[in-house]
Amino acid sequence: VSDHGQGLFEHDEAGHGIFLYESTMRVALILSCPALFDGPYRVDDRVVGVVDILPTIIDLLGLSLPTRVDGQSLLTIDPQPDRAIYIESCYPGAQGCSNLYGLRRHTDKYILAPRPEYYDLGQDPAEQKNRHENGPRRLDDLQAQLTELMTRWGQEGSNLSGARELTEDELAKLRALGYVGGGEQTECGSLPDCKDHIIIINQMAEVTRFIGLKRYEEALELARELAAHSEGFDAPVRRMAEMYARLHQPVKATEVLGEFVRKHPTPRMLFQYAQALYALGRYAEFEQQLEAAEILDPQFGLIPRLRGDYFVKMKRYEDAIAEYEKAIAIDGDRLGPGVRQRLQLARDRLRETSP
């Protein structure tokens, strides 16, 4: 079995990891065992996912399936034509775009994106005609099923832009920080559709190659060129700031980030701007940008971690402990080990300084 395919520029995707099209999602699955199969057999009457491998092997070995297991055995007689397998791509989020979520049935697919997509794979296997605007009744079923799944998992499926509905108090705080104006209001927290930036995403691979070769000036120049052609897309800007930092120009890195967030204040870019300000010792500005990022995304676990680091630096150990505990509560799976070390250090420092 393969883990993924390659875009090879179908739908303009050079590699894989961004889109949920068949070019990268459809993979080979071959089982070979003469003791179990008396001849060739092809399963082509149902949707199959890698999640089905475990129950299929257990079934082939004549063992009992666990009470709870994802997937189903491919030996079942009923193909379940309405079965839908969940698919997602969170890599766009790492590129400054909205994540993608979807459901794949045997003959159709629904992709939840800022511009949603629906494909009739029986009539359109290459996914060239998006039928979301005039989709059949079956589309409604997929939309309802995905909404139910994502609600159960606590995901904000209806808010792919990255922006959330803010309270009046939160809007007032953002206005005070300069991010929500009067006549021409800045769009806070919104993330673009990766379909709009896939060409730039492909070209960013060359920036990464330059960085790997430590050719930072060339990486900076290409990132600057890409940023000039991708208004509101943060990936080239983040690379620009990184290159300025590597070239020992931290003030320039901060300026680039500040210019971007004034037009496109997303939580991640506000956080990176706060990091750059922190490195320069501009703590008052640092706290303001971190507050803005937290207003837009209270579940961004890196925010309390960074604030905890700041409090340790200021020898405010009780405040640091509270922030580290908050980071663990928000995102303990990813941040837990590192934050727990910071938490223990803050507790040790507090004991050392206590009377």
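Modeller: First, a definition. Ala, Val, Leu, Ile, Met, Phe, Trp, Tyr, Cys and Pro count as nonpolar, Asp, Glu, Lys and Arg as charged, and the others, Gly among them, as polar. Keep in mind that this is a predicted model.

Biologist: How do the residues of the lining of the largest cavity divide by class?
Modeller: The lining has four nonpolar, five polar and one charged residue. It is made up of 10 residues, and G96, P192, G232, D234 and T266 lie nearest the centre of the cavity. Take D234, one of these. Asp counts as charged, so D234 is in the charged class.

Biologist: Why are α6 and α7 called roughly antiparallel?
Modeller: Helix α6 covers residues 198–212 and helix α7 covers residues 216–228. Their axes cross at roughly 165 degrees. Angles over 145 count as roughly antiparallel. Therefore α6 and α7 are roughly antiparallel to each other. Their axes come within 8 Å, and the crossing is left-handed.

Biologist: Which residues of α6 and α7 meet?
Modeller: I200, Q203, M204, E206, V207, F210 and I211 in α6 meet Y216, E218, A219, L222, A223 and L226 in α7. By class, this contact of α6 with α7 has 10 nonpolar, one polar and two charged residues.

Biologist: Why are α6 and α8 called roughly parallel?
Modeller: Helix α8 spans residues 235–246. It packs with α6 at an angle of about 15 degrees, and the axes are 11 Å apart. Angles under 35 degrees count as roughly parallel. Therefore α6 and α8 are roughly parallel to each other. The contact is made by I200, M204, V207, T208 and I211 of α6 and A235, P236, R239, E242, M243 and R246 of α8. These divide into seven nonpolar, one polar and three charged.

Biologist: How do you know that α8 and α10 are roughly parallel?
Modeller: The axes of α8 and helix α10, residues 267–279, cross at roughly 10 degrees. The cut-off is under 35 degrees, so α8 and α10 are roughly parallel to each other. V237, R238 and A241 of α8 make the contact with R268, M269 and Q272 of α10. By class, that gives three nonpolar, one polar and two charged residues.

Technical notes
Residues are numbered from 1 along each chain as its sequence is written. This is a predicted model: local features need pLDDT of at least 70, side-chain atom pairs count only at pLDDT 80 or more; totals for chains, interfaces and linings use all residues. Side-chain values use heavy atoms; hydrogens and water are left out. Axes are lines fitted to C-alpha atoms, for helices over the stretch in contact, and angles run from 0 to 180 degrees between N-to-C directions. Helices (H or I, at least four residues) and strands (E, at least two) are DSSP runs, numbered from the N terminus. Angles under 35 degrees count as roughly parallel, over 145 as roughly antiparallel, 65 to 115 as roughly perpendicular and the rest as oblique. A crossing is left-handed if the near helix is turned anticlockwise from the far one by less than a right angle, and right-handed if clockwise. Contact means heavy atoms within 4.5 Å. On a 1 Å grid over the protein atoms alone, a cavity is a set of points where a 1.4 Å probe fits but cannot get out, and a pocket is an open set with protein on both sides within 12 Å along at least five of seven lines; lining residues have an atom within 4 Å of a point.
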